[in-house]
Amino acid sequence: MSGPGSLVDIRNLSIRFRGARDVHAINDLTLGLAQGETLALLGESGSGKSVTLKALLRLLPPRRTDIEGTMKVNGADVMSITGRALQTYRGGEVSMVFQEPGLALDPVYTVGRQIAEAVQRKKRVSRDEAMSTALDMLRRVRIPSPERRLSNYPHELSGGMLQRVMIALALACRPRLLLADEPTTALDATVQIQILLLLRALQKEFGMGVIFVTHDIGVAVEVSERIAVMYAGQIVEEGTTHEIIKSPRHPYTRGLLAANLHDVARGTRLDAIPGAPPPLDVKPDACPFAPRCPLAEARCRAALPPVHQIGPRRRVACIHADAPMEAA
Amino acid sequence: MFVYFLRRLILVLPVAFGVSVICFMLVQIAPGDPLTAIMPVDATAEQQAEMRAAYGLDKPLPVQYVVWVGNLIQGDMGRSIATGRPVAGEVFGAVQNSLLLAVTAALIAFPIGVLLGFVAGYFRDTILDRIVTAISIAGVSVPNYWLGIVLVIIFSVNLGWLPSMGAGPGGSQDWSWDWVHVRHLILPAVTLAVVPIGIVARTVRALAGDILSMDFVTALYAKGMSRGDVLRHVARNAAATALSVMGLQLGYLLGGSILIETVFNWPGSGYLLSNAIFQRDLPLLQGTILVLALFFVAMNLVVDVAQAAIDPRIQRN
């Protein structure tokens with residue numbers, strides 16, 4: 001997805017962390033998002049999902065990070081935003097909801113103050129006005145008795161409540177893009193559903209684009225219109241949620257679906273994907289999934305797989321993508 | 001907040017009681033008979049017994065303690081065996097001088113320590129961090145009485161800029177805020193400030209480093225906060241712990257400057273204490289230790305209340 005109508009346009013993004021041991025976290029990643037669209041970025045730990053989000057907000061430590069490729073949000077080149085413009089961009093244009101709301105809020109400031117200070121910075125309004133915006137936001141995320149919650153400290157609220165506060169904070173300046181980094185992973189199952197439903201409702205209400213990072217395919221199906229599957233810092237398959245669920249083309253996607261709990265009869269063993277993701281201390285020059293892939297051939301280990309563009313926004317990075325696949 | 005303050009205040013009472021018992025007993029345990037210091041060598045047994053009775057030293061210890069505390073409450077700390085002057089006057093004069101020295105040293109040490117620590121924590125693992133770490137290790141490790149002597153050699157003996165002894169010209173005891181007196185304060189205060197600079201810098205460095213690596217700092221940047229905003233948040237988070245360390249340091253500065261006060265002949269509590277010990281001056285020793293210990297207790301109370309005011313998580317329990 002690209003062109004004037006696109007909200008996010010990431011092209012050939014590669015990110016390398018320098019250190020005692022280099023890590024090639026993102027390798028030639030291309031990804032697009034339309035205005036108002038919700039995309040789930042699906043993959044296991046270490047696949048580069050969170051790094052992609054942090055790169056979009058320029059939150060990676062500049063001294064230790066090499067970034068190649070281009071990232072555009074709303075047509076603006078993310079890497080060239082600096083100084084005050086960067087402060088306006090963060091939280092104003094793009095904002096983020098974190099995995100652990102209890103750790104992402106400052107423990108010694110009230111939640112009201114923490115929402116209000118973001119508003120004050122962006123909108124140049126008075127303290128009182130910012131506070132009333134904060135109150136309005138707490139109402140919108142459906143927190144009971146929001147007036148009292150304003151003056152609560154983070155340790156006085158439950159995990160689900162804190163994630164609502166975090167969402168209120170993220171949306172307070174009406175960003176066009178919301179980055180959600182596993183926002184339900186740290187929560188109880190019942191609270192997870194509430195937060196997912198809330199995010200879905202707020203997405204409709206505010207009309208922002210959402211990139212939702214998760215390792216849980218069930219969650220991805222619940223929130224997103226589109227899914228991009230990540231492996232070893234690359235997108236291995238992308239399509240609408242329906243396409244990914246009903247006709248996965250990449251063996252990794254099929255593995256993820258098979259490893260999921262839904263529709264599994266009691267007593268049958270879950271099909272786990274054998275092995276572990278590759279260490280990324282060198283940039284992959286062959287299919288990174290080949291060592292774990294049941295369909296791997298010699299040419300998989302010889303060169304990077306071609307990206308098959310099956311439809312306008314449907315692609316698979318696998319040599320088997322053309323041929324209809326038998327059950328893995 | 002007020003309830004917390006009251007509760008904390010009430011908790012001070014048993015601590016103060018314990019402190020008074022320990023002060024009293026500590027001196028009893030110490031070897032040596034106070035009377036031998038003031039009685040002539042050839043004093044008869046009757047004369048000794050008479051003296052003993054005059055100071056109440058013939059009574060059982062619990063009785064002595066009750067009498068001592070009873071008098072204390074009335075502001076009477078007894079009379080110095082060595083000089084015969086009231087202990088209260090001696091102690092408060094000395095504590096005032098020590099307080100002057102300690103607070104001056106703290107005013108020098110704390111801002112410098114906090115600044116150095118913050119810089120090191122913010123620029124962790126850079127050359128700046130290493131310089132600050134070296135300074136703080138040196139500050140903590142260098143024996144400060146030795147440093148005091150070196151400073152005296154440089155600034156008093158060789159350069160002749162600053163006096164090396166006393167709290168005023170000609171051993172004057174009356175402090176006033178003029179250059180004639182303040183000159184005397186500079187060398188001991190600077191010497192005394194070196195250790196707390198190191199300790200505070202190290203503490204703040206660790207605090208700032210830890211807090212800066214917390215998730216909420218990333219989240220602050222993510223919501224568009226400036227570097228200054230982030231530093232304000234970090235400072236507020238570090239304040240409670242930093243404050244408790246500084247409170248303790250102020251306590252140590254007040255009581256623990258015996259060596260420095262001796263080096264500079266500063267007429268403070270440390271100086272008084274060492275004299276009292278050498279002269280086996282029981283009432284003076286007890287009084288000085290008690291006042292210093294109670295000051296420590298009060299300092300802790302102030303720090304606790306200040307911490308609770310800064311960090312909302314503390315009041316809860």
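**A walk through a predicted two-chain model**

Hi everyone, let me begin with one residue: A:A272 counts as exposed because it has 9 C-beta neighbours inside 10 Å. For that word, a residue is buried if 20 or more other C-beta atoms lie within 10 Å of its own, exposed if 12 or fewer, and partly exposed in between, with C-beta atoms placed from the backbone. Before going on, please keep in mind that this is a predicted model, where local features need pLDDT of at least 70, side-chain atom pairs count only at pLDDT 80 or more, and totals for chains, interfaces and linings use all residues. Residues are numbered from 1 along each chain as its sequence is written, while chains are lettered from A and ligands numbered from 1 in the order in which they are written.

Back to our residue. A:A272 sits in the loop between α11 (251-258) and α12 (298-302) of chain A. Those names follow DSSP runs, numbered from the N terminus: helices are H or I with at least four residues, strands are E with at least two. From the C-alpha of A:A272 to that of A:S6 there are 36 Å, and the two residues are 266 apart along the chain.

A:S6 brings us to the strands. Strand β1 (residues 6-17) of chain A runs antiparallel to strand β2 (residues 23-34) of chain A, and 8 bridges join them. Two strands pair if DSSP finds at least two bridges between them. A hairpin of 5 residues links β1(A) to β2(A), and A:I10 has A:L31 in β2(A) as its bridge partner.

Now the open sheet in chain A. It has 8 strands in the order β6-β7-β8-β3-β9-β10-β12-β11, with mixed pairing. Its edge strands are β6 and β11 (307-311) of chain A, each pairing on one side only. On average, neighbouring strands here are turned by 20° against each other, direction ignored. Inside the sheet, β3 (residues 38-42) and β9 (residues 226-231) of chain A pair in the parallel sense over 4 bridges, and A:L39 stands opposite A:R226 in β9(A).

Next, a helix. Just after α4(A), A:R124 takes a positive phi of about 50°.

On to where the chains touch. The contact takes 23 residues from chain A and 17 residues from chain B, where contact means C-beta atoms, placed from the backbone, within 7 Å. On the chain A side, α2 (83-93), β6 (94-97), α3 (101-104) and α4 (111-123) each supply at least two residues. Which element gives the most there? That is α2(A), with 5 residues.

Last stop, chain B. The axes of α5 (residues 87-122) and α12 (residues 269-278) of chain B come within 7 Å and cross at roughly 135°. α5(B) and α12(B) are therefore oblique to each other. In this meeting, B:E90, B:A94, B:V95 and B:S98 in α5(B) face B:S269, B:G270, B:Y271 and B:L272 in α12(B).

Note on methods: Axes fitted to C-alpha atoms, helices over the stretch in contact; angles between N-to-C directions. Parallel < 35°, antiparallel > 145°, perpendicular 65-115°, else oblique. Contact = placed C-beta atoms within 7 Å.
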